[in-house]
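I opened this notebook to record what I looked up, chain by chain.

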Amino acid sequence: MTDAHTNGSSDVTTTVLGADEIILNMGPQHPSTHGVLRVKLKLDGERVVDSECIIGYLHRGVEKIAEHRSYTQFAPYVDRMDYVAAVSNGLGYCEAVEKLLNAEAPPRARVVRTILTELQRIASHLLWLGTHALDIGALTPVFYCFREREEILKIFEKYCGARLTTHAFRIGGLQYETYDGFEEEVKRFCQDFAQKIDEYETLLTENRIWVGRTKGVGILSAADAIALGVTGPVLRASGVKWDLRKAMPYAAYDQYEFEIPTRQTGDTYDRYLVRMEEMRQSRRICLQAVENIPIGPIMAKVGKVLKPPRGEVYHSIEAPKGELGYYIVSDGTTQPYRVRVRPPSFINLQAFDKMARGSLVADVVAIIGTIDIVLGEVDR
Amino acid sequence: MTHSIPPSILPHVLPVVYALVIVAVLPLLAGYIVLLERKVMADMQARLGPMRVGPHGLLQPIADAVKLLLKEDIIPEDADRLMFYVAPLVSVTMALLAYAAMPFGPAFQIADLNVGLLFILAVSSLGIYGIVLGGWASNSHYSLLGALRSAAQLVSYETAAGLGLVSALLLAGSLSMKEIVQAQADQGVWFILVAPIGFFVYLVGSIAETNRAPFDLPEAESELVAGYMTEYSGFRWSLYFLAEYANMIIVAGIATTLFLGGWLRPFPRFHDHLFGTSVELLDALPSLIFLGIGLYCFRLTPRQPVQIQKLVMAAVGGLCLMLAGAMAAALFAPPTVMQGVHGGFWFMAKVMAYLYAFLWIRFTFPRYRFDQLMRLGWRFLIPLALVNVIGVGTAIVLQQQWGWNPRFAELVTLAATIGVAVWLASENEKPAAAVLTADGE
């Protein structure tokens with residue numbers, strides 16, 4: 001082999017044959033970068049020496065659009081950031097504007113919001129689980145996950161007419177009353193769902209290959225996680241018990257009992273277990289909430305034209321992927337002066353390099369999957 | 001006929017006919033195995049699978065083949081053109097060549113080589129050149145990584161799979177595929193029952209050798225897009241595809257021949273007769289199976305939504321009835337014909353069962369990582385296969401030299417081998433953890 005490019009000196013041989021690293025561009029067109037993420041990997045063999053995430057391929061200027069829309073008009077746009085968890089996005093935005101208006105949604109609206117948001121969390125986690133397993137090579141769980149997710153989407157569709165970008169809530173409460181049989185359907189879903197989670201777990205949790213592919217992969221220590229601003233299940237899997245639903249309760253979360261699952265190692269396996277447990281807890285919240293939805297109005301009196309006073313507000317919620325925050329500056333007109341979104345995917349993605357360095361190419365897809373990013377939200 | 005063909009050529013006519021049949025039927029068979037795979041996958045994943053092209057997607061493979069043939073043949077600008085042309089041909093030629101020594105039935109074999117097994121293994125491992133060359137010639141990082149993975153994986157797993165086969169060879173005492181089956185007929189036992197560990201090692205090794213999940217790292221879709229096939233399209237791609245499925249049938253055929261009794265009927269000592277006739281129940285089973293499938297097709301025919309689908313379904317039903325008739329007619333033909341036809345049926349049935357195990361594993365397990373794959377191969381399968389060879393050898397010595405009861409000798413050595421396997425597995429747990437922490441630092 002060595003004779004091909006050499007001309008004498010052995011030093012030349014090594015440089016020409018190259019123990020150099022190769023640069024591998026994963027994406028923006030790649031089956032497992034979950035959209036149009038481009039990851040530039042510097043590889044030594046199959047080991048990742050350095051990595052760089054290049055984003056912006058899906059930039060739509062959502063924040064800029066907000067400056068030219070009224071508060072109400074902008075509400076559907078937020079659904080298109082994290083489009084697999086549109087309900088959560090809507091909740092965050094509506095509550096932020098309500099805070100700006102000094103209004104508060106009536107109790108009934110808050111409970112319904114909680115139910116739908118928790119269902120959305122389950123749906124989002126199901127999508128994560130399916131695609132994550134698919135990335136690691138398990139072909140079957142994704143279909144099981146979609147089967148259950150479909151039930152949730154059907155509930156959304158019946159409630160507000162849309163399945164994905166739902167625009168389920170309005171500033172001040174809800175536009176739609178719940179449909180007849182809403183409670184029963186949610187309850188039936190939650191009851192059936194318990195054994196479905198167990199079914200996924202029998203496929204994966206103790207599967208030797210799954211454990212081998214996820215345990216010890218992409219370890220993120222608690223200190224690193226905090227330093228990088230990581231939130232959501234990724235943070236909790238590193239052992240930090242921080243969940244905005246408990247820390248700064250919003251909607252109706254203060255009324256329900258639920259645990260915040262945490263793990264200590266902060267590897268891909270722990271993040272998997274945390275999210276699985278979160279689905280169980282969401283189910284628990286939904287079951288408690290549908291039992292007792294208060295009767296009453298669903299809209300607060302906020303007026304037809306929203307004109308918040310001058311000022312600024314930051315409101316954040318625990319979206320399925322982490323802390324989703326809205327920073328809104330009002331100049332007293334009907335249109336926001338500035339809307340800044342703190343998207344969990346974007347900030348969690350910063351931890352990618354920390355997790356991926358020193359791992360193998362095969363781990364890179366596992367790590368991208370475990371961060372649970374949606375490029376619509378990363379790029380906005 | 002005998003007038004027109006000189007007697008000196010006559011012995012060569014039948015093999016040529018067989019070869020033509022195999023080359024003609026194999027692509028079709030591969031296509032239908034793909035359909036089967038998609039249907040099995042759909043069944044395991046709570047969906048229907050292909051349903052549009054033909055009734056229950058029965059014409060899907062043909063539609064796919066036509067699509068692939070008509071697709072544009074793209075060659076990357078920086079590719080090594082000659083190698084890019086040659087590589088898929090190498091793969092598919094080697095895969096087809098291996099069929100030369102594969103006994104589909106007592107008579108249906110192109111050439112009964114006395115080193116048949118060695119020939120098949122040698123030729124089918126040459127097929128790796130196609131993968132490595134294709135990956136290299138594409139001049140793409142994904143392809144290159146896929147090719148390199150493939151080379152490393154095949155070298156390691158061929159060793160394990162080959163050692164797994166040695167246990168069956170020891171029992172048969174021959175490398176000729178035909179004699180191996182004959183040995184199982186003479187000893188009255190399939191070698192899977194005598195050397196289950198050898199079968200297990202070969203099963204795992206053969207999955208890895210054919211690049212199937214969970215060992216499909218050379219073409220790991222979520223990591224390397226399509227591995228060594230990334231830059232290929234159209235007909236060249238379908239050649240790789242054909243080679244892959246041909247190789248699957250080859251490894252299934254090897255396993256069938258060495259461990260599952262080849263073309264032999266299961267339960268040779270079971271002689272119950274069918275409804276008082278002189279036909280044995282198990283001999284009648286093939287035609288009964290086809291009869292059942294045919295009748296089921298006719299039952300489904302009126303339910304097909306479109307006229308043409310009704311026709312196709314009825315045609316499939318008719319085909320099954322014809323096969324049932326042929327199987328039944330063979331029962332009353334001379335014994336050689338009967339054995340030939342039914343032998344072919346049982347051989348293909350076992351091959352299909354083996355392939356079903358492939359599919360089942362594929363849809364259940366996630367993919368191994370490269371280092372884990374290597375660790376499994378070198379630190380578990382190869383030592384286990386070696387111990388198994390010693391075990392089987394000991395059992396043979398015990399019964400031949402010391403006059404032990406053969407079953408007892410086999411049980412004792414099997415228990416010892418399983419003990420070693422458990423020990424190996426537990427030993428592998430510990431270093432694995434150590435390696436991981438060392439990597440993490």
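**Entry 1. Conventions.** I noted that this is a predicted model, in which local features need pLDDT of at least 70 and side-chain atom pairs count only at pLDDT 80 or more, while totals for chains, interfaces and linings use all residues. Residues are numbered from 1 along each chain as its sequence is written, and chains are lettered from A and ligands numbered from 1 in the order in which they are written.

**Entry 2. Chain A.** I looked up the secondary structure of chain A and found 16 helices and 8 strands. Helices (H or I, at least four residues) and strands (E, at least two) are DSSP runs, numbered from the N terminus. The radius of gyration of chain A is 23 Å, close to the 21 Å that the globule rule gives for 380 residues, so chain A is as compact as a globular protein of that length. For this entry I recorded that the radius is taken over C-alpha atoms and that the globule rule is 2.2 Å times the number of residues to the power 0.38. Along the principal axes, the C-alpha atoms of chain A fill a box of roughly 85 × 50 × 35 Å.

I then checked burial: 52% of the 380 residues in chain A are buried. A residue is buried if 20 or more other C-beta atoms lie within 10 Å of its own, exposed if 12 or fewer, and partly exposed in between, with C-beta atoms placed from the backbone. Of the contacts in chain A with a separation of 6 or more, 69% are between residues 24 or more positions apart. Two residues are in contact if their C-beta atoms, placed from the backbone, lie within 7 Å.

**Entry 3. Chain B.** Chain B has 15 helices and 0 strands. Its radius of gyration is 23 Å, close to the 22 Å of the globule rule for 441 residues, so chain B is as compact as a globular protein of that length. The C-alpha trace of chain B spans about 70 × 65 × 55 Å along its principal axes. I found 43% of the 441 residues in chain B to be buried. Among contacts in chain B between residues at least 6 apart in sequence, 75% join residues at least 24 apart.

**Entry 4. Two helix pairs in chain B.** I looked up how α4 (residues 116-137) of chain B lies against α5(B): their axes come within 7 Å and cross at roughly 170°. That makes α4(B) roughly antiparallel to α5(B). Axes are lines fitted to C-alpha atoms, for helices over the stretch in contact, and angles run from 0 to 180 degrees between N-to-C directions. Angles under 35 degrees count as roughly parallel, over 145 as roughly antiparallel, 65 to 115 as roughly perpendicular and the rest as oblique.

The contact includes B:L117, B:L121 and B:I128 of α4(B), and B:L144, B:A147 and B:L154 of α5(B). The residues of this contact of α4(B) with α5(B) divide into 11 nonpolar, 7 polar and 1 charged. Ala, Val, Leu, Ile, Met, Phe, Trp, Tyr, Cys and Pro count as nonpolar, Asp, Glu, Lys and Arg as charged, and the others, Gly among them, as polar.

For the second pair, the axes of α5(B) and α14(B) come within 9 Å and cross at roughly 15°. These two helices, α5(B) and α14(B), are therefore roughly parallel to each other. Their contact holds 17 nonpolar, 8 polar and 1 charged residues.

**Entry 5. Where the chains meet.** How many residues does each chain give to the contact? I recorded 30 residues from chain A and 26 residues from chain B. On the side of chain B that touches chain A, the elements that give two or more residues are α5 (141-172), α9 (221-224), α13 (335-364), α14 (370-401) and α15 (406-440). The residues of that side of chain B comprise 13 nonpolar, 6 polar and 7 charged.

**Entry 6. Single residues.** I found A:H167 in the loop between α6 (141-160) and β4 (169-170) of chain A. A:H167 has a positive phi of about 50° although it is not a glycine. A:H167 is partly exposed, with 19 other C-beta atoms within 10 Å.

B:A46 lies in the loop between α1 (10-44) and α2 (60-70) of chain B, and its phi is near 60°, a positive value in a residue other than glycine. B:A46 is exposed, with 11 other C-beta atoms within 10 Å.

Not counting residues up to four places away in sequence, B:E231 touches B:P76, B:A79, B:S138, B:S140 and B:S143.
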